[in-house]
Amino acid sequence: KTQHSNSCCLYFLSSSITNFFVLTFGFFVRILEYGFNVRPDDQILSICKIRYYLSHTAYFQSTYFIVMACIDRCAACSINRKYRKYCNSIIACRIILIIILSGFLSHIQMLIWFETDDILNEFNQHETRCYARKGTYRLIFDMFFLIFYSIGPTLLMSIFGIITMYNIRHLRRQIKPVFNSTNRRLVKRKDFQLILMMLIQILFVIILTFPFALEKFYSTLTENYIKSRLKLSWENLVKSIVILLLYINHSLSFYIYTLSGTSFRKEFYHIVQITFRRFLERRSKHFGNSLFTIDL
């Protein structure tokens, strides 16, 4: 309940939910494609459009939720009270709604200009793939993706992360440790845990997403070049690696939050204990063994 009232936690929660959709519409289809040679989005145009639209919208939303978490922690550490008052759950919910709507509206063009197209694979064979329409739109789309998914968020996260660190050091110099209340110490400790989680998240976003955006842009720029079979093989290997890195980024939230945040780790242990206790209670009722109890 205390986590839900924290604006930064709401941004992290929203990012985790959208990451689930990234893995559902992106990674699951990749498993079908590379593991079982099943390519529904390459064969059916409607699936092609919907799948890429939903996955890229989720990429956008997840990344900008983390950006807003950075801005939120930066404002929370500010000496200026005017900025700190924006760190509340009501404003966070409004911003989350704006990001969700912006993601769906900014990618709606994908439902129009995405199509299936014949490409040359590493075996010099033509195969059908789903992607943006060839020509000017494909170049614009990849530039849009590079700027608004990789470069832009990375710069914003870095800038506000640096400002946050500066604000923390400034507060330590200016404010004397007059926290006599245990609750106030706890709030401050929780704020620092959220800042640590945010900084670790920034590091992984920069490392794991930037290569994917660059590879997409490079592929579009060189799509009309004549390439040898060896070069195509290397490019496909690099593409597979950067796609794997992308999905790793969107699946790290749980590990980052539980390993770097003490409060999140305690909440996780608490949920596991409650779940295990309920399982044992149902099991004992099912077998009629009321004497079987385990003290957690």
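The expected span of a helix is 1.5 Å times one less than its number of residues, where helices are DSSP runs of H or I, at least four residues long, numbered from the N terminus. The model on screen is predicted, so local features need pLDDT of at least 70 and side-chain atom pairs count only at pLDDT 80 or more, while totals for chains, interfaces and linings use all residues. Residues are numbered from 1 along each chain as its sequence is written, and side-chain values use heavy atoms, with hydrogens and water left out.

Select residues 229–249, which form helix H9. At 1.5 Å a residue, these 21 residues should span 30 Å, and the end C-alpha atoms are 31 Å apart, which agrees. Within H9, colour Leu232, Glu235, Val242, Ile243, Leu246, Tyr247 and Asn249, which are buried (under 20% relative accessible area with a 1.4 Å probe, protein chains only; exposed means over 50%, partly exposed in between). They cover an arc of only 145° around the axis, which puts them on the same side of H9; the arc is that of the directions from the helix axis to the C-beta atoms.

Next, select Tyr11, Phe12, Met157 and Met198, which touch the most other members of the largest nonpolar core, a set of 23 residues. Such a core consists of buried Ala, Val, Leu, Ile, Met, Phe, Trp, Tyr and Cys residues joined through side-chain atoms within 4.5 Å. Helices H1 (7–36), H3 (45–76), H5 (89–106), H7 (136–174) and H8 (182–221) each supply at least two residues of this core, and the largest share, 8 residues, comes from H3. Apart from it lies another core, of 12 residues, and Ala58, Tyr149, Val242 and Leu246 are among them.

A cavity is a set of points on a 1 Å grid over the protein atoms alone where a 1.4 Å probe fits but cannot get out, and its lining residues have an atom within 4 Å of a point. The largest cavity holds about 70 Å³ of space; to find it, select its lining, Ser15, Asn19, Ser62, Thr63, Ile66, Gln201, Val205, Thr209, Asn249, His250 and Ser253. H1, H3 and H8 each supply at least two residues of that lining.

For the second largest cavity, select His56, Tyr59, Phe60, His107, Phe144, Phe145, Phe148 and Tyr149. H7 gives the most to this lining, with 4 residues.

Terms used. 1 Å grid on protein atoms, 1.4 Å probe; cavity = no way out; pocket = protein on both sides within 12 Å on 5 of 7 lines; lining within 4 Å. Points joined across faces, edges and corners; volume = space filled by probe spheres on them.
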